[in-house]
Amino acid sequence: SVVVVRSLRSLVPGSSVSAIDSDVHVTLSSDKVATGSGLFVSVVGRSVAGGGEYRAVLRTLTDGHQTLRLDRGSSVIAPDIVLPGIIAVPDRRMDVRVQTIGTNPMTIRAKAWETGTPEPAEWLRSTTDATAAMQQPGAIGFSIYLSSSATNGPITTAIHDLTAIMP
């Protein structure tokens, strides 16, 4: 478990986990539903030193609704979509899966679902990108950010499982 006061970022370093193609699956939970602008958990599919990173962002809003989007660094490349039928409650586990595939352009896609329910067949977010600095192997990881407007921190977020396949 990780106690998030405001933010945490962790990459899995080393050439053994640096790849163009990755399929990263994370199971996570938090002990509270954040106030303010919410809690953001990012699953990084490719992080290139000096180039940035591609990530899927699961955001939990104050009312418990959860959204999923795709980012390249600080730029949103596929906007938030509300996860249908899912309302966050303390300690409920969620699964997030993100894939990065190929180069020029590369494809990034993601899905999220409640643990214990079937994985959705379709990707909820998917886009392509050809940013030159990102068309090379990179590391995987995750980051967690609690909005500065949240008043009920710290929040403990647990990463129960992290599985990565580099095809």
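Nine salt bridges are present in the structure, a salt bridge being a side-chain nitrogen of Lys or Arg within 4 Å of a carboxyl oxygen of Asp or Glu. Side chains of opposite charge can pair when their charged atoms come close. The model is predicted, so local features need pLDDT of at least 70 and side-chain atom pairs count only at pLDDT 80 or more, while totals for chains, interfaces and linings use all residues. Residues are numbered from 1 along each chain as its sequence is written, and side-chain values use heavy atoms, with hydrogens and water left out.

One of these salt bridges joins Arg-97 to Asp-23, with 2.6 Å between the closest N and O atoms. Arg-97 belongs to strand β8 and Asp-23 to strand β3 (residues 22-30), so that distant parts of the chain, 74 residues apart, are linked. Strands (E, at least two residues) and helices (H or I, at least four) are DSSP runs numbered from the N terminus. Arg-97 and Asp-23 are both buried; buried denotes under 20% relative accessible area, exposed over 50%, and partly exposed the range in between, computed with a 1.4 Å probe on protein chains only.

A salt bridge is also formed by Asp-129 and Arg-72, whose closest N and O atoms are 2.6 Å apart. Because Asp-129 lies in strand β10 (residues 125-129) and Arg-72 in strand β6 (residues 65-72), the pair ties together parts that are 57 residues apart in sequence. Asp-129 is buried, at 10% relative accessibility, whereas Arg-72 is partly exposed, with a relative accessible area of 22%.

Lys-111 takes part in two kinds of interaction. Its side chain meets that of Glu-119 in a salt bridge with an N to O distance of 3.0 Å. Lys-111 is buried, with 4% relative accessible area, and Glu-119 is partly exposed at 34% relative accessibility.

A search of the whole structure returns one aromatic pair. The pair consists of Phe-40 and Tyr-145 and is tilted, with 5.8 Å centre to centre and 45° between the planes. Phe-40 in strand β4 (residues 39-48) and Tyr-145 in strand β11 are 105 residues apart, and the pair thus links distant parts of the chain. Rings of Phe, Tyr and Trp (its six-membered ring) pair if their centres lie within 6.5 Å; planes under 30 degrees apart count as stacked, over 60 as edge-to-face and the rest as tilted. Phe-40 is buried, at 14% relative accessibility, and Tyr-145 is partly exposed at 37%.

Two cis peptide bonds are described next. One joins Asn-104 and Pro-105, with omega about 0°. Pro-105 is located in the loop between β8 (94-101) and β9 (106-114), and Asn-104 is in the loop between β8 and β9. Although not a glycine, Asn-104 has a positive phi of about 45°, and the residue is exposed, with 55% relative accessible area. The other cis peptide bond connects Gly-153 and Pro-154, with omega about 0°; Pro-154 is placed in the loop between β11 (139-146) and β12 (155-165). A positive phi, near 70°, also occurs at Asp-91, a residue other than glycine. Asp-91 is situated in the loop between β7 (75-87) and β8 and is exposed, at 53% relative accessibility.

Gln-135 lies in the loop between β10 and β11 and is buried, with a relative accessible area of 13%. The backbone nitrogen of Asn-104 is 2.8 Å from a polar atom of the Gln-135 side chain. The C-alpha atoms of Gln-135 and Thr-103 are separated by 5.3 Å, although these residues are 32 residues apart along the chain. With residues up to four places away in sequence not counted, Gln-135 touches, among others, Ile-20, Arg-46, Tyr-54, Thr-103, Asn-104, Pro-105 and Asp-129, contact meaning heavy atoms within 4.5 Å.

Definitions and conventions:
Polar contact = N/O pair within 3.5 Å; in protein donor to acceptor, adjacent residues only side chain to side chain.
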